[in-house]
Amino acid sequence: MAILEVRNIEKHFGSTQVLKDVSFSLEEGNALAIIGSSGSGKTTLLRCLNFLETPNQGTVSVKGEILFDAASPLKQQEKDLRRKRLHFGMVFQSFHLFPQYTALENVTLAAGLLAREREDYKANKREILAQMEEQGKALLDQMGLKDRMDHYPHQLSGGQQQRVAIARALALSPDILCFDEPTSALDPELTGEVLKVIRGLAERKTTMIIVTHEMAFARDVADQVIFMDDGVIVEQGEPKQVINHPREERTRQFLSRYTEG
């Protein structure tokens, strides 16, 4: 059963149309890789799914619930926007960690803010905070950062910071974890660290959308690949079909850059 249904999404910035009638679905437990040249609309699509941008057209549904429908009034779309965003965890290119907080504090901060809205927070504050801290420690341990929990971002490598950012996104238990080129700011050695973590998440059947330029990684880890160009989905299907045996000429042209030489 599809956990995510995206239908006919369009996005304009002034007179420039960035997304053009984008539709796809994602099965629960699957990983979707989105590939394409810079400027093809990949990041804008992720931002629309996370409601960081508002589509001009189309619908977004998660678990059968319509979270966005452009046909409805904008005020209605903005209602309970934070709750809608919680369906998606977002891992950005440049980490976005708070420099004044430790790795563990970065991971637990958002969950702590949400916990304050619970009706039983005052009565069970100590227990709730202790449970959140244990979850944060377990996530950082899962990221291979057991000995870095009390370190501040400036004391961590880029790869370690990105792994903290992944743990932070997982701490809110999102239905879908989204990555926007998570290795683009890293050197090759640190890239391997982060890709290993994402590979592990895929093996645990974490539902993910990964915008990436790592073609071999997309082929080996994803269950489905979408190739975008100029705001449209040119080709989509199983990774080995799209990457090894593309049907569309534009896909072949794009992928030839990664095979030449």
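Ala, Val, Leu, Ile, Met, Phe, Trp, Tyr, Cys and Pro count here as nonpolar, Asp, Glu, Lys and Arg as charged, and the others, Gly among them, as polar. This is a predicted model, in which local features need pLDDT of at least 70, side-chain atom pairs count only at pLDDT 80 or more, and totals for chains, interfaces and linings use all residues. Residues are numbered from 1 along each chain as its sequence is written, and side-chain values use heavy atoms, with hydrogens and water left out.

**Stop 1: the sheet**

Select the open sheet of six strands, in the order E6-E7-E8-E3-E9-E10. Its pairing is mixed. Strands (E, at least two residues) and helices (H or I, at least four) are DSSP runs, numbered from the N terminus. Two strands pair if DSSP finds at least two bridges between them. Strand E6 (88-91) and strand E10 (232-237) are the edges, each pairing on one side only. On average, neighbouring strands of this sheet are turned by 20° against each other, direction ignored.

Next, pick E7 (residues 176-180) and E8 (residues 208-211). They run parallel, joined by four bridges. Find phenylalanine 179; isoleucine 210 in E8 stands opposite.

**Stop 2: the helix across the sheet**

Select helix H10 (residues 249-256). H10 lies across strand E3 (31-35), strand E9 (224-229) and E10. Contact means heavy atoms within 4.5 Å. H10 runs at about 95° to E9. Axes are lines fitted to C-alpha atoms, for helices over the stretch in contact, and angles run from 0 to 180 degrees between N-to-C directions.

**Stop 3: the largest pocket**

A pocket is an open set of points on a 1 Å grid over the protein atoms alone, where a 1.4 Å probe fits, with protein on both sides within 12 Å along at least five of seven lines; lining residues have an atom within 4 Å of a point. The largest holds about 670 Å³ of space, the volume filled by probe spheres set on the points.

Show Phe88, Met90, Phe92, Ala110 and Leu172: of the 20 lining residues, these lie nearest the centre. Helix H3 (81-85), E6, helix H4 (103-115) and helix H6 (158-170) each give two or more residues to this lining. H4 gives the most, five. By class, the lining has 13 nonpolar, four polar and three charged residues.

**Stop 4: the second largest pocket**

Stay with H4. Here the space is about 260 Å³. Select Thr108, Leu109, Gly112, Leu129 and Met132, the closest to the centre among 13 lining residues. H4 and helix H5 (125-142) each supply at least two residues. Which helix supplies the largest share of this lining? H4 does, with six residues. Colour by class to finish: seven nonpolar, two polar and four charged.
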